[in-house]
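Here's a quick walk through a two-chain model, with the sequence and coordinates alongside. Have both open as you read.

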Amino acid sequence: MAKIFCIANQKGGVGKTTTTVNLAAGLAKVGQRVLMVDLDPQGNATMGSGVDKRKLALTVYDVLLESASIAEARVQSSKLVDAGCGYDILGANRDLAGAEVEMVGLERREKRLKNAIAQIEKDYDFILIDCPPSLSMLTLNGLCCAHGVIVPMQCEYFALEGLADLVNTIKQVHANLNKELAIIGLLRVMFDPRITLQQQVSEQLKARFADKVFNTVIPRNVRLAEAPSYGVPGVVFDPLSKGAQAFVAFAEEMVLRIGK
Amino acid sequence: MTHPANILILPGWQGSGPQHWQSLWQARLGYQRVDQHDWMQPLRGDWIAHLEDVVLSTSAPAVLVAHSLGCMLVAAWASHSRNTHRVKAALLVAPGDVAQDALRPVLASWSPIPLQTLPFKSTLVASQDDPYCSFARAQGFAAAWGATLVDAGAAGHINADSGLGDWPQGQALLKQLIHS
């Protein structure tokens, strides 16, 4: 059965979507069967996976409202498949914002995604869920069906502050809704070793969270930043760039870490 | 007395142009338009979420003035929102029948049309020769939503092409609805 991970951080702009699409592409590149679920109404992970969110007939919104199954709504990008990094995409667009209003009166509303994933879980080795930065019904749906959370973090002064909020949220979900949920690991992203403060925060993270900090470090890399405007993950856009190679290394670490 | 900013203009698919009575009311009377992100590709969830935000931002009970797809938005929003108590009344003009053959393929996410009684008072104005909704269908919507039906005669889609100017009859219906 698939291992299901949310990529989450309650702080915006930390490279969450970049992590999701590049980890998905990296895992696909090393032979894993992957589904990427975009749970953010901005649809950036959808666009960054080579899928035009404006042309989607069905999205995760339809799945949450139970008007479509994941098998009906998932798509692929030929650009990614041709590059040997193809993964399935359950896309999102602005429609998804309505789910917050439309699910309010529904029973077991936080389990809608979990129920839908249960039907297709066997098709995948990994399911990655890109969560919005706020704690919403959408994020809760992601956290309720996940085995763990991957937290991308920039090694900056306020990084630990944002982490405290997320840890608190995860504890609450663990206690009330999903006993399996745990932080799988902290991923240091946009790392620049020339900046002393980043080195110091990185050391603090390792001292405090020990083996919860992934060994792989994702460097600040302009090719990763450029890739979304071409509608592909950096792993596909420039496979030889340091950023792309780091994400493939991270994918390999993930495979090893969860004992596959 | 309803503050003009709490009277919300809800245009339909592709928006309402400058000569549409909704735009004329907005310009002349200071009503607030619910400006959707995308008028050409109307995503139901997006429109519902934005209406919810605007209703929550009003300072007092709001009055909705909807045209065409805007009427379907009112029905969809009202069937889910926990904040319908913040709406005092709705004027629903020329509802766009998204289930008709010409519209269903392009506005697929808007079906099925919610047919629950609206939790606020409403008036539905329908035309005898509206290409986007037969009068019989409009009668059905009014009955389902609990709206008072007003027959506008042969007025097309009750829009800028109908030659209504700033539609004083509609303004009178709105005043009647607010003060009833």
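Predicted model: local features only at pLDDT ≥ 70, side-chain atom pairs only at ≥ 80, totals over all residues.

**Where the chains meet**

Let's start with the contact between chain A and chain B. Each side puts in twelve residues, and together the two chains bury about 1,100 Å², with 58% of that on carbon and sulfur atoms. On the chain A side, A:Arg94, A:Val101 and A:Glu102 supply 49% of the area that chain A buries against chain B, more than any other three residues.

Now for the gaps. The structure has one cavity of 30 Å³ or more.

The residues lining the largest cavity include A:Ala8, A:Cys131, A:Pro132, A:Leu143 and A:Leu166. Helix H8 (137–145) and helix H9 (159–176) of chain A are the elements that each contribute two or more residues to it.

**Nonpolar cores**

The largest nonpolar core takes in 49 residues, and A:Val37, A:Val60, A:Leu64, A:Leu113, A:Ile127, A:Ile129 and A:Leu186 have the most contacts inside it. A separate second core has 42 residues, among them B:Val34, B:Cys71, B:Leu103 and B:Ala147.

Pick A:Leu113 if you want one residue to look at. Leaving out residues up to four places away in sequence, A:Leu113 touches A:Val37, A:Leu39, A:Val60, A:Leu64, A:Ile129, A:Asn141, A:Gly142 and A:Cys145.

**An enclosed helix in chain B**

How many of the ten residues of helix H3 (residues 69–78) of chain B are buried? Ten of the ten are, so the helix is largely enclosed by the rest of the structure. B:Leu69, B:Met72 and B:Trp77 are among those buried residues. They pack against strand S1 (7–10), H2, strand S3 (62–67), S4 and helix H4 (135–145) of chain B.

B:Gly96 sits in the loop between strand S4 (87–93) and strand S5 (121–126) of chain B. Beyond its neighbours within four places in sequence, B:Gly96 is in contact with B:Ser68, B:Leu69, B:Met72 and B:Tyr132. B:Gly96 counts as buried because its relative accessible area is 3%, under the 20% cut-off.

Most residues other than glycine have a negative phi, and most peptide bonds are trans. Chain B has some exceptions worth a look. B:Ser111 and B:Pro112 are joined by a cis peptide bond, with omega about -5 degrees, and B:Pro112 is in the loop between S4 and S5 of chain B.

B:Gln14, which is not a glycine, has a positive phi near 75 degrees; B:Gln14 lies in the loop between S1 and helix H1 (21–29) of chain B. B:Ile158 also has a positive phi, about 50 degrees, in the loop between strand S6 (148–151) and helix H5 (168–179) of chain B.

Are these two buried or partly exposed? B:Gln14 is partly exposed at 47% relative accessibility, whereas B:Ile158 is buried, with a relative accessible area of 0%.

Methods:
Residues numbered from 1 in each chain as written. Chains lettered and ligands numbered in written order. Heavy atoms only, no water. Core = buried A, V, L, I, M, F, W, Y, C linked by side-chain atoms within 4.5 Å. Buried < 20%, exposed > 50% of the residue type's maximum accessible area, 1.4 Å probe, protein only. Contact = heavy atoms within 4.5 Å. Buried area = accessible area lost by both parts, 1.4 Å probe. 1 Å grid on protein atoms, 1.4 Å probe; cavity = no way out; pocket = protein on both sides within 12 Å on 5 of 7 lines; lining within 4 Å. Points joined across faces, edges and corners; volume = space filled by probe spheres on them. Helix = DSSP H or I, 4+ residues; strand = E, 2+ residues; numbered from the N terminus.
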